Amino acid sequence: MHQPLALQPLAPNSSTDIMAIANNPVLWICVAGVFGVIIIQSAIFMKAARRAAPAVDMSTQDIRTSFRSGAVSAIGPSLAVSLVAIALLGLFGAPAVLSRIGLIGSAAYDVSAAGIAAGSMGAKLGDASYTQSVFAVAFFAMSIGGAMWMLATLILTPLLRKGDAKIRSVNPAAMAIVPAAALIGAFSCLGLTELPKSGIHILSFLVSAAVMGLCLLLAKRLGKSWLREWGLGISIVLGLSASYLAVGPAIGA
Amino acid sequence: MSSITSAPTTTHSNAMADFSRTTSRWGQITMIAGLLISVAGPLYLVFATGLDIGPAQLWIAFAAVAATFGIIWIVEPLTYYPILGPAAMYQAFMIGNISNKLLPAALIAQTNIGAKPGSKRAELAAVVAICGAAVVHLISLAIFVGLLGSWLISVIPPSVLLVTRLYVLPTVLGAVLVQAIVSMKQPRTTVFALLVSAVVVFVVLPLVPSLAMVSTAIAVLGTILLAWFFRGKNTITEAKPIHIE
């Protein structure tokens with residue numbers, strides 16, 4: 001039952017050994033490159049901030065405090081992101097996960113982009129139709145999505161810096177409604193698309209959704225914001241545990 | 001806020017102008033580099049490993065993603081700019097995980113040094129705090145995902161790996177959908193989104209399977225139109241940063 005149904009015509013290269021190409025050395029080099037760029041950027045920005053600090057009444061101690069506060073407050077969220085990333089390793093391999101989910105993008109957008117891209121080839125992530133070609137196109141779709149975010153930032157930031165009132169005075173009602181509608185519309189359609197695939201898809205979807213709802217509720221009731229940060233990771237782990245228990249006997253685990 | 005409200009006074013205008021110039025130039029250079037490197041990897045896979053993927057397939061995949069998230073690509077930088085200020089924009093949109101990690105980091109740093117929101121001190125504190133967050137982020141990714149994660153994958157029973165691969169997508173999407181609904185706080189839009197999606201997935205697709213490629217785009221467009229034409233009178237709230245992590 002968990003066995004995926006035979007699917008549409010497979011992509012030309014029908015090998016499903018994703019890890020064989022997902023761990024290509026060139027991809028590891030690109031990950032190192034992205035890490036390097038962020039390190040260089042941080043170093044340049046730190047230096048610039050240090051130089052400007054005295055002029056705005058900011059002591060060396062203030063700089064140190066700011067850096068340490070930023071670092072300490074990032075520990076929890078970074079570990080939460082790592083948990084989500086580990087859960088996706090089996091699907092995308094370490095280089096893609098490190099460069100997509102860990103940096104630039106986020107699990108929600110990148111997993112969605114990958115799913116959409118696979119769908120555009122008549123395939124589904126993770127099952128027998130998930131060939132090397134599908135992985136490559138999905139990885140491309142995730143990356144180009146992240147690139148578009150950066151492109152928008154590169155174009156809009158200089159315009160906004162000039163205080164371009166036109167961009168900011170977009171109809172506030174439209175700004176409140178349209179993006180939210182786009183997001184909820186996208187994720188509800190992507191989510192519901194998973195349901196007809198199998199009973200276990202439905203189970204894992206529902207368990208994960210319920211756990212997330214519970215995490216958010218408790219976060220609000222008890223004022224524990226770490227529950228919000230860890231919500232996605234906890235939901236994925238419990239959702240996958242539920243599906244493992246459901247299929248366990250079938251695959252002789 | 002920070003970028004516009006505080007007109008620089010003569011005492012520190014030079015130092016801050018220097019800061020703006022440096023962060024703007026190097027922010028752009030590093031971001032373009034990050035952009036190119038991150039796209040280079042998949043392009044190498046597609047074209048240099050003999051996978052036989054045509055450009056058409058890439059364009060179709062791109063179009064399908066753009067139709068779904070294109071609006072978000074533009075709206076997100078717009079809504080974050082007043083909070084982050086120009087310098088931090090280049091950091092935030094390269095490092096990612098903005099709302100759940102970088103914004104809290106910046107706010108805590110500002111509080112800890114008693115910087116008034118919107119002031120130049122606050123702007124610098126945010127940039128420095130994001131640097132600190134970036135360091136922790138890179139280290140934890142390298143250790144927990146790069147090293148520990150790769151080792152975990154190698155020792156995990158194949159059955160667990162198989163289950164993970166097959167069902168991680170619905171688990172991510174189930175949680176993210178709830179997260180989106182709760183954080184957007186727009187019940188009317190939520191109802192429209194679920195209705196439109198249900199019609200698309202359970203009625204339209206079974207009838208016209210060839211629409212699978214554009215189903216999400218249809219749902220997005222349908223939800224936007226319904227939410228816009230049937231918007232309540234009091235929905236005109238301030239445009240808040242929208243971000244799902």
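How much accessible surface does chain B have, and what share of it belongs to carbon and sulfur atoms? In this predicted model, the accessible surface of chain B comes to about 10400 Å², and 73% of that area belongs to carbon and sulfur atoms. For chain A, the corresponding surface is about 9300 Å², with 68% belonging to carbon and sulfur atoms.

**Overall make-up of the chains**

- Chain A contains 10 helices and zero strands, so that, by the DSSP runs used to assign elements, its order from the N terminus on reads α-α-α-α-α-α-α-α-α-α.
- Chain B has eight helices and, again, zero strands, and along the sequence its pattern is α-α-α-α-α-α-α-α.
- Of the 253 residues in chain A, 60% count as buried, while in chain B buried residues make up 53% of the 245 residues.
- Among the contacts in chain A with a separation of 6 or more, 67% are accounted for by residues 24 or more positions apart; in chain B, 63% of the contacts between residues at least 6 apart in sequence join residues at least 24 apart.

**Salt bridges**

- Over all chains, a search of the whole structure finds six salt bridges, and among them are the pairs described in the next points.
- D18(B) and R51(A) form a salt bridge in which the closest N and O atoms are 3.4 Å apart; because D18(B) lies in helix α2 (residues 10-48) of chain B and R51(A) in helix α2 of chain A, this pair joins two chains.
- Within chain A, D110(A) forms a salt bridge with R100(A), the closest N and O atoms being 3.7 Å apart; the pair links distant parts of the chain, with D110(A) in helix α5 (residues 107-120) and R100(A) in helix α4 (residues 94-102), 10 residues apart.
- Both D110(A) and R100(A) are buried.

**Surface patches**

- A nonpolar surface patch of about 740 Å² is made by V135(B), I139(B), I143(B), F144(B), L147(B), L148(B), W151(B) and V155(B).
- L148(B), one of the residues in this patch, sits in helix α5 (residues 120-155) of chain B and is partly exposed, with a relative accessible area of 38%; membership in a patch requires over 30%.
- K220(A) lies in helix α9 (residues 199-222) of chain A and is exposed, with a relative accessible area of 66%.

**Residues with a positive phi**

- The place of K185(B) is the loop between α6 and α7 (187-207) of chain B, where K185(B) is exposed, with a relative accessible area of 60%.
- D57(A) is not a glycine either, and its phi is positive at about 70°; D57(A) is found in the loop between α2 (25-52) and α3 (60-92) of chain A and is exposed, with a relative accessible area of 65%.

**Surroundings of I181(B)**

- I181(B) lies in helix α6 (residues 158-184) of chain B and counts as partly exposed at 24% relative accessibility.
- Leaving aside residues up to four places away in sequence, I181(B) touches I184(A) and T190(B).
- The C-alpha atoms of I181(B) and A193(B), which are 12 residues apart along the chain, are separated by 9.8 Å.

Terms used. Residues are numbered from 1 along each chain as its sequence is written. Chains are lettered from A and ligands numbered from 1 in the order in which they are written. This is a predicted model: local features need pLDDT of at least 70, side-chain atom pairs count only at pLDDT 80 or more; totals for chains, interfaces and linings use all residues. Side-chain values use heavy atoms; hydrogens and water are left out. Helices (H or I, at least four residues) and strands (E, at least two) are DSSP runs, numbered from the N terminus. Buried means under 20% relative accessible area, exposed over 50%, partly exposed in between (1.4 Å probe, protein chains only). Contact means heavy atoms within 4.5 Å. Accessible areas come from the Shrake-Rupley method with a 1.4 Å probe; for residues, only the protein chains shown count as cover. Patches are made of residues with over 30% relative accessible area and no salt bridge: like charges are joined within 9 Å, nonpolar side chains (Val, Leu, Ile, Met, Phe, Trp, Tyr) within 5 Å. A salt bridge is a side-chain nitrogen of Lys or Arg within 4 Å of a carboxyl oxygen of Asp or Glu.
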